[in-house]
Amino acid sequence: MEKEIAVGIKSDTDIVAAREQGRCLAERIGFTPVELTVISTAISEIARNIIEHAKSGEIVLSEYQNGTKHGIQITASDQGPGIPDVNRAMQDDYSTGKGLGLGLPGSKRLMDEFEIQSHVGQGTVVVMRKWKYL
Amino acid sequence: MRVPIHKQGSYLIASIQAALTDADLLQLQDDLSSKVGRYRSRGAIVDVTALDVMDSFAVRTLRSIAHMLRLRGAETVIVGIQPEVAFAMVQLGLTLEDVATALDLEEGLAYLDTLTKKSGS
């Protein structure tokens with residue numbers, strides 16, 4: 001526990017680094033191969049969101065325990081422009097960037113818990129968690 | 001890491017060896033588009049067996065590659081999507097739309113053979 005891995009996100013190579021670090025941590029926690037891929041994919045999308053909308057930011061990966069639930073927590077934060085309408089950004093096909101408009105809603109579908117806080121002019125914080133099922 | 005592209009008869013085979021950055025994927029797109037012309041290829045296979053993640057950018061770029069190569073007169077097949085990757089893609093909502101896929105290299109080659117035979121070459 002209490003292990004935290006921070007990955008700075010500034011370029012496309014950092015997206016690969018973040019998802020590989022996430023896969024390693026998830027593997028140590030004991031997720032299945034399918035879950036490892038699901039977690040890496042969600043990290044990739046959320047890291048890509050940082051690059052596209054805020055240019056730079058950070059992803060913090062940690063092991064997470066809440067009562068009997070055990071899993072991985074991924075926090076993505078940036079000091080970018082923020083999202084004026086979070087509800088709209090969470091809809092499929094709503095895209096302002098160069099992606100497919102699946103980044104935020106898609107990542108939410110991949111994970112078990114997904115929280116987003118965004119303030120215009122201050123930035124965005126996404127916290128997502130995946131639980132390990134025994 | 002640049003993806004090696006081999007010529008096999010009238011086809012090109014791009015074998016992805018490791019995780020790709022966005023820049024690597026765009027490089028692959030450029031390389032395939034130019035090599036299809038240089039070798040007058042009728043088909044291209046992109047082998048993604050080694051990819052443990054296909055996110056929205058990777059999928060969008062593979063779609064672009066297939067569409068660009070079709071405009072250059074070649075058909076593209078994506079082969080080797082791993083079962084976990086397929087699962088994550090579906091959950092994320094990603095599709096390759098009209099891009100052909102096959103289980104592995106062998107099936108991909110067989111598919112291209114049927115296509116190029118049909119077009120009378």
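Reader: Is Arg129(A) buried, exposed or partly exposed?
Author: In this predicted model, Arg129(A) has 18 other C-beta atoms within 10 Å. A residue is buried if 20 or more other C-beta atoms lie within 10 Å of its own, exposed if 12 or fewer, and partly exposed in between, with C-beta atoms placed from the backbone. Arg129(A) is therefore partly exposed.

Reader: In which strand does Arg129(A) lie?
Author: Residues are numbered from 1 along each chain as its sequence is written, while chains are lettered from A and ligands numbered from 1 in the order in which they are written. As the model is predicted, local features need pLDDT of at least 70 and side-chain atom pairs count only at pLDDT 80 or more, but totals for chains, interfaces and linings use all residues. Helices (H or I, at least four residues) and strands (E, at least two) are DSSP runs, numbered from the N terminus. Residues 123–131 of chain A form the strand that holds Arg129(A), β5.

Reader: How far apart in space are Arg129(A) and Thr75(A)?
Author: In sequence, 54 residues separate Arg129(A) and Thr75(A). In space, C-alpha to C-alpha, the separation is 8.7 Å.

Reader: How many residues of helix α4 of chain A are buried?
Author: The helix has eight residues, 103–110, and is largely enclosed by the rest of the structure. Its buried residues include Gly103(A), Leu104(A) and Lys108(A). The helix is enclosed because the number of buried residues is six.

Reader: Which helix supplies the largest share of the side of chain A that touches chain B?
Author: Here 22 residues of chain A are in contact (C-beta atoms, placed from the backbone, within 7 Å) with 18 residues of chain B. The helices α1, α2 and α4 of chain A each supply at least two residues of that side. The largest share, nine residues, comes from α2(A).

How values were computed. Two residues are in contact if their C-beta atoms, placed from the backbone, lie within 7 Å.
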